[in-house]
Amino acid sequence: MRRFLKKFVKGVAWQNPIINIVLKLIDPVDSVLCKISGNSGLPKYSIRVRSNGFNGQLGGQRFAKNGRFLQSLLEKHCEITPSSDILEIGCGCGRTAISLSGYLEEGTYIGMDIEQTSLKACSENKKLQRDGFTFDFLDVQNDEFNPSGKHKADEYRFPYNDNSFDTIFLVSVFTHMLTDDVTHYIDEISRLLKPGGSAFITTFLMDDGAESEGLNFPFKAQDHFYATEEMPEIAVGYLKSFYDNNFHKNGLSEKKNPVFGKWRSPQELNNIGDFSQDIVLYQKPKNV
Ligand SMILES: C[S@@+](CC[C@H](N)C(=O)[O-])C[C@H]1O[C@@H](n2cnc3c(N)ncnc32)[C@H](O)[C@@H]1O
């Protein structure tokens, strides 16, 4: 009973076996609703909620719309084209990948994640079983998503060659990772980008204007600010200077000013429409 309650206190509802059974009972209803709303072929509801939350998830409209929106942000801010080579770190169950599967032509997409069930849903999704699309499991430890993972995130070497990708993007991933791990991932991203390539990272920026009505980050350790003392990985934020310092040390520069998300108040700072997190953008120099 204590372990059961602890799961709730930690707030990772889908890790709870009973909640998981209930979620699976909702799957057939969701599947019908997805068909009615023209969103067939999405991962199951019980899987979507793992990486994309419960809010607006039933029927799949929000999931599909946000996937398309994220693709449009990649086009706008990283100038991706149908021939780009793209890496998504922490792809979840394929929200953006599904949209990109109808966009990329001779380009390639690799999605990697540490949460095996979500990644399996990508590999089994017919929309994602196409040339140029690959899904790789990283057995990296994270208290929220892969508690028994074999490798430490701050030591993990990504299994790709240097200078391989035009764009590397992470959506709501550094929002679940702590300082040493993010620092190491930035080193890896810098190594893996082609000269001139772009990094697109969604995050909670802790700089001025970070006061939000719904989400607060009262705790701090090293460079990360966090919302929940029992499990810091549930929601993590960083100062913009943290990203600057780590990318600059690897020779990358800021590509564009941050794009502020809807989570911030005052609302005037919101310049991204319907997306909740902030976005930071860095670029590897063209001549390295
Ligand atoms: C909130 S979900 C977002 C999923 C996906 N990016 C999307 O936009 O739908 C966070 C994802 O980050 C992944 N993740 C957490 N820690 C990670 C790490 N150290 N390396 C790679 N992925 C990680 C989780 O497994 C999860 O799928």
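Which residues in helix 3 meet T117, S118 and A121 in helix 6? They are I47, R50 and S51. Contact here means heavy atoms within 4.5 Å. Helices (H or I, at least four residues) and strands (E, at least two) are DSSP runs, numbered from the N terminus.

This is a predicted model, in which local features need pLDDT of at least 70, side-chain atom pairs count only at pLDDT 80 or more, and totals for chains, interfaces and linings use all residues. Residues are numbered from 1 along each chain as its sequence is written, and side-chain values use heavy atoms, with hydrogens and water left out.

Stay with helix 3, residues 45-52. Helix 3 is largely enclosed by the rest of the structure, because 7 of its 8 residues are buried. Buried means under 20% relative accessible area; exposed means over 50%, and partly exposed lies in between (1.4 Å probe, protein chains only). The buried residues are Y45, S46, I47, R48, V49, R50 and N52. They pack against helix 2 (17-36), helix 4 (61-78), helix 5 (95-101) and helix 6 (116-124). Just after helix 3, G53 takes a positive phi of about 75°.

Two packed helices are described by the angle between their axes and the distance between the axes. Axes are lines fitted to C-alpha atoms, for helices over the stretch in contact, and angles run from 0 to 180 degrees between N-to-C directions. Helix 3 and helix 6 pack at about 120°, with their axes 10 Å apart. That makes helix 3 oblique to helix 6. Angles under 35 degrees count as roughly parallel, over 145 as roughly antiparallel, 65 to 115 as roughly perpendicular, and the rest as oblique. The crossing of helix 3 past helix 6 is left-handed. A crossing is left-handed if the near helix is turned anticlockwise from the far one by less than a right angle, and right-handed if clockwise.

Now move to helix 7, residues 179-192. Its 14 residues should span 20 Å at 1.5 Å a residue, and its end C-alpha atoms are 20 Å apart, which agrees. The expected span is 1.5 Å times one less than the number of residues. Helix 7 is mostly covered, with 12 of its 14 residues buried. Among them are V182, Y185, I186, I189 and L192. The cover includes strand 1 (85-89), strand 4 (165-170), strand 5 (193-203), strand 6 (219-221), strand 7 (224-226) and helix 8 (240-249).

The axes of helix 7 and helix 8 come within 9 Å and cross at roughly 40°. Helix 7 is therefore oblique to helix 8. This crossing is right-handed. T179, V182, T183, I186, D187, I189 and S190 of helix 7 make the contact with F242, Y243, N246, F247 and K249 of helix 8.

Two loop residues have a positive phi without being glycines. E79, at about 50°, is found in the loop between helix 4 and strand 1. E79 is partly exposed, with a relative accessible area of 43%. S172, at about 60°, is found in the loop between strand 4 and helix 7. S172 is partly exposed too, at 23%.

Last, the cysteines. A disulfide is a pair of cysteine sulfur atoms within 2.5 Å. The count comes to 0 disulfides. Why is C78 too far for a bond? Its sulfur is 17 Å from the closest cysteine sulfur, in C91. C122 is in no disulfide, and the nearest cysteine sulfur, that of C91, is 4.4 Å away. C78 is buried, with a relative accessible area of 5%. C122 is buried at 0%.
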